[in-house]
Amino acid sequence: MAGIGFELKRIYKKRNLRSMLQGIGYSTIVTVGPTVMTILAVILSYRLLGISRESYANRELLSSMILYTFIFPFMITTPINTVWSRYIADKIFTEQFKDILSSYYVGLVCVAVLGALLGVPFLVHSFFVSDISIRFLFTGYCLYMSLLIVFFTMTYLSATKDYKIITLYFFLGLLFGVLTGLFLVLGLNDNLIDGILTGLMVGFFLIAVLQFTYVRRYFRVHSKNYKECIHYLMQYKLLFFSSFFYVLGLYIHNFVFWTTRMSVLVKNTFLSAPAYDMASYLAMMTNISTMVIFIVVVETDFHDRYQLYSEAVLRLTLKEIRKAKDDMFRLLGNQIAYIVEVQAIITCLVFLIVEIFFPVIGFSGEIIQMYPVMAVGYFMIFIMYCNIIYLYYFSDHKGAFFTALFFLLVTFFVSLGARYLPIQFYGIGTFLGALFGWTYSFFRLRYMERNLDFHIYGNGKLLTEHREEMPTPVSYQKE
């Protein structure tokens, strides 16, 4: 999200109600706008084309395909994006812009190869064990590959700081996708689920093409330095695995409950737990505003304090360096408390709305029963993730790695045990896993507060290391 702070500071500088609402709207569009637009596009397609007329089996088949094609590209690209973001930031800082386009091509190859290694065997398996049409499977695979490109390219579009173009591309692509689905089903009398899936695929393929074109146009100089970003992947492997463990922890509890009595196997291919997945989806959307609040408070205030401390060693005294550090951590503590307080209020309000009105519009009893604990769990997950981002700021990759690892392990093992608890406690794994991860990250931040001077300034090397054999000592004889 580098660069959003400049726009937010300009907006909030006016200090009035209009500027406050404008800033909230801008940060919301930047952080969760594409997600919200995607959800609205799917719902709009369902409503306009009357998905309720389809059989339950076909509805579940379409829902399962969409679920799989969104979850797994997100899981594949997120760890790579984290490392590549570090690479892009370093290149921008050192003004070596010519290497950025090379890293983009390498990243595209990496995500495409990883995606194919997972997607092709699944595609072949589905073809032989089910009666799903080859068109439906191939369209789903194309949607899956398009999303890999879209999710990965988002990192580069963020680096350009042109967040409005991201929103515009999603709007145009999804609008075209909805219109394509309507044309296929209503105009050409196409099969309903094939038409909707094809529309989504066309929409995201268009988004991927627009993003690819924009990145190539923005980063015009090409150094063909393909190896360096791969070295970054090895150098920052803790960064890679911390991101991977975090995103795996987001879904590991779903995977556990895909093997319980709640699971549904569609066409011998797609395994899911619709009630549990819907409850976790509602819980996630209940707390998604955490990221909006976090971006606002970090980019408008904390980033400046961190930059002041990082540059203090170049021009300030030891006393002033320590004061800059104390000011930064005092602000960090206030921001964490502010995020928790504001999000707690939002979560309570949304929770009441879901509990009161959602049963009226058709959400089943099981979903509403699992939702309360799940909502608290995702509240803790997003608060924990805020701490991980702060650890990234301090280059504490080890702390971020263990935070994500503890979150993953506790969530997994507690979810295994939660299968035998009453249904109200099925989501307890998300809460305890995030609580354990947050607790570790909190004490790790306290540790960084005490040792940050050495961690930032003492881990560098003033002299270049060389490894070679020890020279043979020369013996001198007395004459």
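Start at the second largest pocket, which holds about 290 Å³ of space. A pocket here is an open set of points on a 1 Å grid over the protein atoms alone, with protein on both sides within 12 Å along at least five of seven lines, and lining residues have an atom within 4 Å of a point. Select Tyr68, Phe72, Leu118, Gly119 and Phe122: of the 14 lining residues, these are the closest to the centre. Now colour α3 (56-93), α4 (100-129) and α5 (134-159), the elements that each give two or more residues to this lining. The largest share, five residues, is from α4.

Keep in mind that this is a predicted model, where local features need pLDDT of at least 70, side-chain atom pairs count only at pLDDT 80 or more, and totals for chains, interfaces and linings use all residues. Residues are numbered from 1 along each chain as its sequence is written, and side-chain values use heavy atoms, with hydrogens and water left out.

Stay on α4 and pick Val124. With a relative accessible area of 41%, Val124 is partly exposed (between the cut-offs for buried, under 20%, and exposed, over 50%, with a 1.4 Å probe and protein chains only).

Last stop: the largest cavity, about 60 Å³. A cavity is a set of points where a 1.4 Å probe fits but cannot get out. Show α2 (17-49), α6 (163-187) and α7 (192-218), which each supply at least two lining residues; α6 gives the most, five.

Terms used:
Points joined across faces, edges and corners; volume = space filled by probe spheres on them. Helix = DSSP H or I, 4+ residues; strand = E, 2+ residues; numbered from the N terminus.
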